[in-house]
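Here is a note for a colleague who is meeting this structure for the first time. Please read the numbered points with the model open beside them.

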Amino acid sequence: MVFSGAGSGDWSAPPDLYGRPRADRAMLGVARVVSGVLRLSRRGVRRQPVVRPVDRDLRLVVRAVTAEADGVVSLRLADPAGAALPPWRPGGHLDVVLPSGRCRQYSLCGDPADRLGYRIAVRLVPNGGGGSVEIHSSVGVGDVLTVRGPRTAFPFVGRGPYLFVAGGIGITPILPMVHAAERAGADWRLVYTGRTRASMPFLDELPGDERVSIVEGMPTAAELLATAPEGASVYLCGPPPMVAAVRGEWGGALHFERFSAAPVVNGKPFEMQVGVGGPVVPVAADETALTALLRVRPDAAYSCRQGFCGTCEVKVAAGAVDGRGRALSEEDSMLVCVSRAVGDRLVLDV
Amino acid sequence: MPDPTDKVVLHARDVRFDWSTVPAHWLPGEPVASHAMNTLHLVLPEGERWFVRVFKQALPHIRDEELRADVLGFIGQEAMHAEAHQGAADHLAAQGLDPAPFVAQIEWLFRSLLGDRDLTGPAEHQWLLERLSVIAAIEHFTAVLGHWVLTAPLESAGADPTMLDLLRWHGAEEVEHRSVAFDLYMHLDGRQGRRLRAMVIVGPLLMWMLVRCTRWLLAHDPQRPERPRWRDYRRLARRGLLPGPRELLPAFWRYLPRSYHPRDEGSTELAVAYLASSPAAKAAG
């Protein structure tokens, strides 16, 4: 079937829906309407508004750096002139651009009613991606950081009852939720686990009653969930094994922060040419082809970063692909968010 | 003034549905209501893939990084909606109701008629903006319908749990991302005339399309249900099993004033609460 016609010219509609031997009259009518709209749309060239760039970056000064526990510091960020900051809700986070240019997300762990400062807390991870090392070693009082947000990726809703489960630094988004639940008079419990009490921040900011269970070591999912009130919604933030264990065990409502991209493991570096004759970008062992592609094509489309949504599929002109992720809509293509080169070079047809 | 923080970071969910036990009349004894909602499986996969194609074209024009992140999240969610409804459409075919003839028309509508039309230069850009305003108008209704399906008494009418989870997961994500298409249109164009034109066309056309699809499904159902009548619709709307004129007509008017913003439609809170208990969303990685 060819339904040709460029611009607003003639349109052949598809066959009649009920099998009569003619073009579908209703669809011919739709084609006329759409062609009229297409003609009208061209008049939009006149008085076309310009797209105004929106700069949402905040430049905030570090007002305080506080040791909260072994290996955990908190930063208090404020407007240099003392202006009120954009509001946020429990479960909100900031994107913080570090002096090196690294961008990291940190949950807001202060009081949403305090409009003059944001508090974030960072655990030192010596073998991590370097962001926490940078904050611990080279960010001090008086430094100015670029911050984006706040945004909410872990929304806190409802009226309870709640069971909060926090593992280690996972207490950061949970802490404002506990306080909000307490203020609202909701029925809640908290289970907060860590290696040792000395490594667990904000213990002194939690109510000192039986609703709070502080646990050293790693309890089982059943133990974590044992104090849940009847009909509770679970809010969970902790290391991936803990999240997986609770997800497998809990049958009720479960809120947890999803990780958007898994780290690249056992990746080999390769070169990727973006378009035949286009620029060649190196893909490092620990980054995805998508990350490299975005350096030269910042408008490239992607979404899930895990290989299931299919948005980032691109045609491959040359090179063997180590294909991962869901089935592709076309042969000779790849999902750049998870797939890599078999050899040392790929050419994308973009 | 609504709370500006009532907005969540969008991400696609890797949902799977097992259709093997879902009957064609998944609302027991209600073929009209079942098929009125089965229309979504025929119309949405192509429609949402079209959203994705148009939004991908809009990406290079965006000058707002937060909006870009919203648009990328929206694209992934829409792509998953298309896949999920495609699964339900394939299941209809497996039950002897092959949707291909209807889907062929929908394909023609979204791929040819509303496609790129081989335009260039300013005409191409204006057609992109026009289609963004059309998507914003459609997304207004998907938010209204998403809110409706989250609150409709479908369980007590015995709805199949898998189908209900598909509809409510989808509805909840529509509510979650209800502002994105509108914000994108306002960022790249924002002219009121184009917005009104889109709604005046989209509102009636969308309703007509869904009615036409419902009739077609009922006419081709191998279980040979009775011919649908308007009084069936009135009865179902009264029972809350289909969205009624009292939901749909005011929704049309609400879109028209300059003060309209989708954040006033539906409830993020309700959507987030559903997604926390949806079997498919909970199982998704």
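The points below go from the two chains to their contact, and then to single elements and residues.

1. This is a predicted model, in which local features need pLDDT of at least 70 and side-chain atom pairs count only at pLDDT 80 or more, while totals for chains, interfaces and linings use all residues. Residues are numbered from 1 along each chain as its sequence is written, and chains are lettered from A and ligands numbered from 1 in the order in which they are written.

2. Chain A contains 6 helices and 18 strands, where helices (H or I, at least four residues) and strands (E, at least two) are DSSP runs numbered from the N terminus. Its C-alpha trace spans about 80 × 50 × 45 Å along the principal axes. The radius of gyration of chain A is 26 Å, whereas a compact globule of 350 residues would have one near 20 Å; this radius is taken over C-alpha atoms, and the globule rule is 2.2 Å times the number of residues to the power 0.38.

3. Chain B has 11 helices and 0 strands, and along the principal axes its C-alpha trace spans about 50 × 40 × 35 Å. For its 285 residues a compact globule would have a radius of gyration near 19 Å, and the 18 Å of chain B agrees with this.

4. How much of each chain counts as buried? For chain B the share is 52% of 285 residues, and for chain A it is 37% of 350 residues. A residue is buried if 20 or more other C-beta atoms, placed from the backbone, lie within 10 Å of its own, exposed if 12 or fewer do, and partly exposed in between.

5. Contacts within each chain can be described by their separation in sequence, two residues being in contact if their C-beta atoms, placed from the backbone, lie within 7 Å. Among contacts between residues at least 6 apart in sequence, 86% in chain B join residues at least 24 apart, and in chain A the corresponding figure is 55%.

6. Between the chains, 49 residues of chain A are in contact with 56 residues of chain B. On the side of chain A that touches chain B, helix H1 (25–42), strand S6 (144–152) and strand S11 (254–256) each supply at least two residues, and H1(A) gives the most, with 10 residues. By class, that side has 29 nonpolar, 13 polar and 7 charged residues, with Ala, Val, Leu, Ile, Met, Phe, Trp, Tyr, Cys and Pro counted as nonpolar, Asp, Glu, Lys and Arg as charged, and the others, Gly among them, as polar.

7. Helix H10 (residues 268–277) of chain B includes Ser277(B), which is partly exposed, with 16 other C-beta atoms within 10 Å. Leaving aside neighbours within four places in sequence, Ser277(B) is in contact with Gly252(A) and Ala253(A). The buried residues of H10(B) are Thr268(B), Ala271(B), Val272(B), Tyr274(B), Leu275(B) and Ala276(B), and what covers them includes strand S10 (233–237) and S11 of chain A together with H4, H5 and H11 of chain B.

8. Helix H1 (residues 31–58) and helix H3 (residues 100–113) of chain B have axes that come within 9 Å and cross at roughly 20°, the axes being lines fitted to C-alpha atoms over the stretch in contact, with angles from 0 to 180 degrees between N-to-C directions. That makes H1(B) roughly parallel to H3(B), a term for angles under 35 degrees. The contact has 7 nonpolar, 1 polar and 2 charged residues.

9. Some backbone details deserve a look. The peptide bond from Gly149(A) to Pro150(A) is cis, with omega near -5°, and Pro150(A) is found in strand S6 of chain A. Another cis peptide bond joins Gly160(A) and Pro161(A), with omega about -5°, and Pro161(A) lies in the loop between S6 and strand S7 (162–167) of chain A.

10. Phe202(A) has a positive phi of about 65° although it is not a glycine, and with 19 C-beta neighbours inside 10 Å it counts as partly exposed. Arg117(B), in the loop between H3 and H4 of chain B, has phi near 60°, a positive value in a residue other than glycine.

Terms used:
Angles under 35 degrees count as roughly parallel, over 145 as roughly antiparallel, 65 to 115 as roughly perpendicular and the rest as oblique.
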